[in-house]
Amino acid sequence: METTSPWVIVGVDNGGTSNNATILDGSGRFLVDRLVETPSRVQEGPEVAIDAMAQALDNVLELTATPPKAVRGVGLDTPGPASADGVISSKGATNFAQPAWRGFDVRGALEARLGLPVVYNNDANAAALYAHHVRFGPKAAGHSSISAIVGTGLGGGVIEGGRIVRGAAGMAGELGHVQIPMHGLLAEGQPLPVCNCGFVGDAESVASLTGIEKNLLPYWLTRFENHELGRVGSLKQAAKLVRAYGEQDDPLALRIFEQQAMAIGRLFTIAANYSDPDTYFLGGGVVETTPKFRQWFLATVREPTALREEQARVATFALVPDLDMAGARGAAIAALEALQAPVRVRTSL
Ligand SMILES: [Zn+2]
């Protein structure tokens with residue numbers, strides 16, 4: 001039998017409805033191979049939600065018969081926007097609608113509740129870190145990658161030398177709000193897409209569920225009159241159905257996904273010139289689909305990504321693995337790295 005590390009890190013991926021928890025031991029091995037979900041209760045406000053996170057931790061410890069004393073720290077991820085150290089945006093956030101969440105220090109509150117160090121990341125950064133580690137294993141520190149995660153919005157993560165690039169204000173890797181060229185992407189007469197952030201023509205304004213609802217679907221319904229999606233009660237509902245139509249090779253849905261793929265390809269082209277990563281990862285709802293559609297979409301992203309010959313020889317395009325567990329696992333890896341090797345350089349005069 002393998003020697004088990006005497007201490008562990010718990011990863012908690014906080015979502016709109018559930019917390020998913022995992023356990024990573026000090027040797028880098030996950031003790032849980034599936035989703036371990038409990039209600040997140042974020043709609044009930046911070047106090048209830050922090051308790052729910054503590055329960056998620058207790059639950060996964062019990063499930064794996066891990067003694068609470070073995071926990072050295074916790075990796076937490078939530079959807080943004082939040083600061084690099086886990087303070088929810090003062091403007092609030094989609095998942096954190098209650099006013100009490102505005103400016104709430106979710107990391108600090110969980111740390112105080114548990115009496116354990118808590119390391120925070122946003123969900124896209126956590127998933128990006130996990131994808132990177134799965135791909136490069138022990139060589140993670142020698143490689144770089146970029147992840148675009150297409151869901152309600154377009155999340156992103158930039159990993160350099162095996163570590164999350166956070167930025168001065170914690171806002172690095174917000175790939176959704178990078179503006180991309182729209183020329184040749186939009187069809188004739190198609191209005192410039194607008195993002196919730198206020199930008200015109202950024203990647204999220206096209207490559208997200210919100211982009212389908214607000215920008216792509218309203219236009220394409222005018223080009224495919226009498227399409228069934230035009231008879232669905234609301235654009236919000238219809239937008240969610242587009243992927244299922246795409247899986248059936250529906251022409252309207254395919255136009256929408258081609259535009260999304262081109263937007264991501266153009267985003268990756270910017271990345272190629274900016275940081276030249278080893279791997280370009282694609283994840284999110286858009287690839288939680290049939291293998292055929294997933295591969296078609298990945299190839300359709302690869303095609304408009306303009307790499308130099310030297311880059312094309314070494315770069316790879318891949319899907320974020322184990323997507324539903326990627327957040328919790330990446331959060332745990334980030335905490336393990338942060339807590340395992342505390343480097344504190346002291347300079348004295
Ligand atoms: Zn934006």
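Trainee: Which residue lies over the face of Trp7?

Mentor: A charge sits over a ring if NZ of Lys or CZ of Arg is within 6 Å of the ring centre and within 35 degrees of the ring normal. Here Arg72 lies over the face of Trp7, at 3.8 Å from the ring centre. Likewise, Arg329 lies over the face of Phe30, at 4.4 Å from the ring centre. This is a predicted model: local features need pLDDT of at least 70, side-chain atom pairs count only at pLDDT 80 or more, and totals for chains, interfaces and linings use all residues. Residues are numbered from 1 along each chain as its sequence is written, and side-chain values use heavy atoms, without hydrogens and water.

Trainee: How many aromatic pairs does a search of the whole structure find?

Mentor: A pair of aromatic rings is described by the distance of the centres and the angle of the planes. Rings of Phe, Tyr and Trp (its six-membered ring) pair if their centres lie within 6.5 Å; planes under 30 degrees apart are stacked, over 60 edge-to-face, and the rest tilted. The search finds twelve such pairs. Trp296 and Phe297 have ring centres 6.4 Å apart and planes at 50 degrees, so they form a tilted pair. Ring pairs also join Phe257, Phe293, Trp296 and Phe297 in a cluster.

Trainee: Is Phe297 buried or exposed?

Mentor: Phe297 is buried, at 0% relative accessible area, whereas Trp296 is partly exposed at 27%. Buried means under 20%, exposed over 50%, and partly exposed in between (1.4 Å probe, protein chains only).

Trainee: Which residues coordinate the zinc ion?

Mentor: The zinc ion is held by His177 (ND1), Cys195 (SG), Cys197 (SG) and Asp202 (OD), at 1.9 to 2.3 Å. His177 and Cys195 are 18 residues apart, both in the loop between strand 8 (163-164) and helix 4 (203-206), and this pair links distant parts of the chain. The donor residues follow the spacing H-x17-C-x1-C-x4-D. His177 is partly exposed, with a relative accessible area of 24%, while Cys195 is buried at 5%.

Trainee: Why is the arrangement around the zinc ion tetrahedral?

Mentor: Ideal angles at a metal are 109.5 degrees for four tetrahedral donors. The arrangement here is tetrahedral because the four donor atoms subtend angles of 105 to 115 degrees at the zinc ion. Four donors count as tetrahedral if all angles lie between 85 and 135 degrees, and donors are N, O and S atoms within 2.8 Å of the metal (3.2 Å for Na, K and Ca).

Note on methods:
Tetrahedral: all angles 85-135°; square planar, octahedral: opposite > 155°, others 65-115°. Helix = DSSP H or I, 4+ residues; strand = E, 2+ residues; numbered from the N terminus.
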